[in-house]
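Visitor: I'd like to learn how to read a few features off a model. Could we go through them one at a time?

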Amino acid sequence: MALAKPTQDATDARLDALSIPQDAGWSLAARQEALGRLKLMGMPHRRDEYWRFTNPADFNAVAPVAAPPMDVSDEKPLYEGMEQLRIVFVDGVFDPEASDDLAGEGIEIARLAEAGRADIHWARDLYGLLEARGQSPVDRPLCALNTAFATDGVLIRVTGKVSRPVSIVYRHENATSDAILHHVVQLTEGAELTLLETGCVAARANTVLETDVADHATFHHVRSQGRNHDRRAATAGFARLGRQSTYKSFTLTANGAMTRNEHVVEFTGDDATAHVAAAAIGDGADDPFHNDDTVFITHNAKNCESRQVFKKVLKNGAVGVFQGKILVKKDAQKTDGYQISQALLLDDDSQFLAKPELEIYADDVACSHGSTTGAIDEEALFYLRSRGMPKARAEDLLVLAFLAETLEEIDDEDIAAALNERLAAWLDRHAS
Amino acid sequence: MLKISNLHVKLEEEDKQILKGVDLELEAGKVHAIMGPNGSGKSTLSYVLSGREGYEVTEGTAVLDGENILEMEPEERAAAGVFLAFQYPVEIPGVGNMTFMRTAVNAQRKARGEPELNSADFLKLVRAKAADLQIDADMLKRPVNVGFSGGEKKRNEILQMAMLEPRMCILDETDSGLDVDAMKLVAQGVNALRDPNRAFLVITHYQRLLDHIRPDVVHIMSNGRIVTSGGPELALEVEKNGYTDLLAENA
């Protein structure tokens with residue numbers, strides 16, 4: 001079927017400006033297939049069901065909107081003092097000087113940019129695979145674009161229980177940087193890994209993380225997207241879960257003119273667990289703030305538990321979007337699916353748009369969902385103020401309390417505490 | 001300490017006058033009690049003095065140290081030394097009781113230009129004061145008032161009062177929802193804070209609280225005014241004969 005003309009035009013213009021890296025090596029076939037998928041779907045459009053609340057124009061544009069980098073040198077690095085294997089990207093470009101040795105026990109790490117060195121690689125069979133699986137029933141053209149044109153990314157194969165987290169640190173230094181990064185994580189049977197992602201990737205970023213979690217394996221993903229104001233980010237995490245495996249992903253976002261975070265999770269083995277959570281705070285006073293979480297969880301195995309916890313604090317015309325779907329296939333009996341999305345609106349100008357969806361074909365499941373939008377509790381605010389807290393401080397305390405439930409989704413207490421401290425510091429800075 | 005003059009207050013949302021000219025002078029070192037039937041305006045007086053929204057002061061002043069506190073924000077009144085022990089302490093899920101108290105104490109110290117307490121000093125102080133009120137470590141760790149019994153909530157109010165060391169303490173029906181033992185404990189906490197430099201305004205329906213917190217002056221409030229004032233014996237009279245006789249006498 002031919003694409004509608006505006007979509008065709010946008011797609012042609014975008015593709016004209018991009019090219020598959022010359023030394024694509026083993027990744028070439030997957031990239032070409034992804035390009036084929038993208039040409040069939042076209043770039044996203046406001047008319048598309050899953051782009052109704054978020055305008056994809058900034059992602060479709062040939063050149064990114066400029067975003068001045070933010071000086072965060074006065075911030076102490078997140079997870080300081082914690083053992084970690086650091087991999088640093090500056091505006092989407094690998095920084096070998098700032099990065100650790102890409103090696104460790106029970107773990108193999110390579111870079112996508114070095115794919116040209118070999119025709120055969122463990123990642124060859126996985127690169128783009130989960131992204132392609134995630135294209136049905138909902139088109140995700142930005143992700144196909146990512147697979148086709150990614151310039152770099154981290155390829156991680158985990159074969160043991162790795163205690164030292166892999167920590168991908170992003171730095172944004174160039175106001176017009178445009179990054180496309182594609183990471184692949186493979187956890188073999190019984191393997192364990194924590195992946196940290198920290199910071200603003202670029203002025204405009206398109207990142208994909210594919211995670212294949214084999215039977216009995218455990219993957220923790222904790223991401224902090226920084227507090228840069230003008231940046232645009234489209235991210236997608238695709239995960240496939242084997243039997244009795246665990247997948248937990250948490251994202252903290254402050255500011256950001258445009259954020260679209262997608263999660264596509266598929267249970268293929270019985271008795272597995274997937275938790276996806278996020279906390280976002282945005283103030284639209286000086287810069288726009290649009291924050292969209294779009295989640296699709298497919299239960300295609302028995303007795304699996306999925307849990308989505310998303311909270312947003314919105315102020316001064318900030319916009320929050322949540323689109324969360326739980327699809328339970330016919331044979332996915334004993335599914336336990338839970339979804340909650342909540343927004344705290346600090347004024348009348350902000351808005352929260354939520355679209356919770358359940359589609360259930362099995363007859364013996366427990367699925368529930370809820371979505372709430374509310375203002376700050378005036379009684380609580382007065383109580384705090386009557387004890388001497390200035391209004392802004394009291395509000396911050398209530399904001400932290402509201403978001404606390406999402407941070408509780410992080411298993412590692414040190415990581416959760418570090419993020420909570422970071423969040424409190426951000427609020428403090430904002431109030432003063 | 002606090003001089004309330006000709007205070008008129010109406011509800012913001014509707015045209016209903018609640019206080020119709022309250023005059024009250026609360027001296028340092030003294031405990032004043034206000035009694036009165038339901039709807040007489042007792043709780044409104046406490047809310048207006050602490051700065052709760054929803055009320056409009058149409059006339060009058062409440063002057064503390066030469067300043068009309070009615071023109072201040074709630075947090076400024078707190079820093080100036082006004083404290084209200086709530087009739088219904090608010091539950092705040094997600095905010096730890098300890099974090100709450102430390103933030104409050106330090107916000108007030110900051111507002112007064114005093115150095116903030118570090119966590120170790122704060123901890124030592126709060127533990128000592130909590131022990132006096134039989135508040136255990138668990139109650140300090142839990143979210144503010146969440147899952148607290150009625151007695152625990154009121155003890156937590158008194159603990160805050162002890163930590164913040166206000167000069168003008170207002171207790172709004174602190175006896176409501178308390179059994180005799182809990183009331184004694186709360187009263188002990190209040191009595192421990194009695195001080196020549198501190199004034200108390202105790203609002204209550206019943207005389208029984210005043211058996212434990214002995215007032216110096218008792219006022220009877222009705223229909224938005226103080227109708228009569230006297231010594232502790234006035235409270236006993238209310239207990240014996242109810243408000244009806246008393247109000248008839250002063251009509």
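Guide: The term means a side-chain nitrogen of Lys or Arg within 4 Å of a carboxyl oxygen of Asp or Glu. Before we go on, this is a predicted model, where local features need pLDDT of at least 70, side-chain atom pairs count only at pLDDT 80 or more, and totals for chains, interfaces and linings use all residues. Residues are numbered from 1 along each chain as its sequence is written, chains are lettered from A and ligands numbered from 1 in the order in which they are written, and side-chain values use heavy atoms, with hydrogens and water left out.

Visitor: How are Lys5(A) and Asp9(A) placed in helix α1 of chain A?

Guide: They sit 4 residues apart in that helix (residues 5-16), so about one helical turn separates them. Helices (H or I, at least four residues) and strands (E, at least two) are DSSP runs, numbered from the N terminus.

Visitor: Is Lys5(A) buried or exposed?

Guide: Buried means under 20% relative accessible area, exposed over 50%, and partly exposed in between (1.4 Å probe, protein chains only). Lys5(A) is exposed at 59%, while Asp9(A) is partly exposed at 37%.

Visitor: Which residue does Lys325(A) form a salt bridge with?

Guide: Glu359(A), with the closest N and O atoms 2.4 Å apart. Lys325(A) is in strand β17 (residues 319-328) and Glu359(A) in strand β19 (residues 351-360), both of chain A, so the pair ties together parts 34 residues apart in sequence. Lys325(A) is buried, at 9% relative accessible area, and Glu359(A) is partly exposed at 26%.

Visitor: Now sheets. In what order do the 4 strands of the open sheet in chain B run?

Guide: Strands pair if DSSP finds at least two bridges between them. Here the order is β2-β1-β4-β5 in chain B, with antiparallel pairing. β2 and β5 (67-68) of chain B stand at the edges with a single partner strand each, so one side of each has no neighbour in the sheet.

Visitor: How many bridges join β1(B) to β2(B)?

Guide: There are 7, and the two strands run antiparallel. To find one yourself, look at Ile4(B): its bridge partner in β2(B) is Leu24(B).
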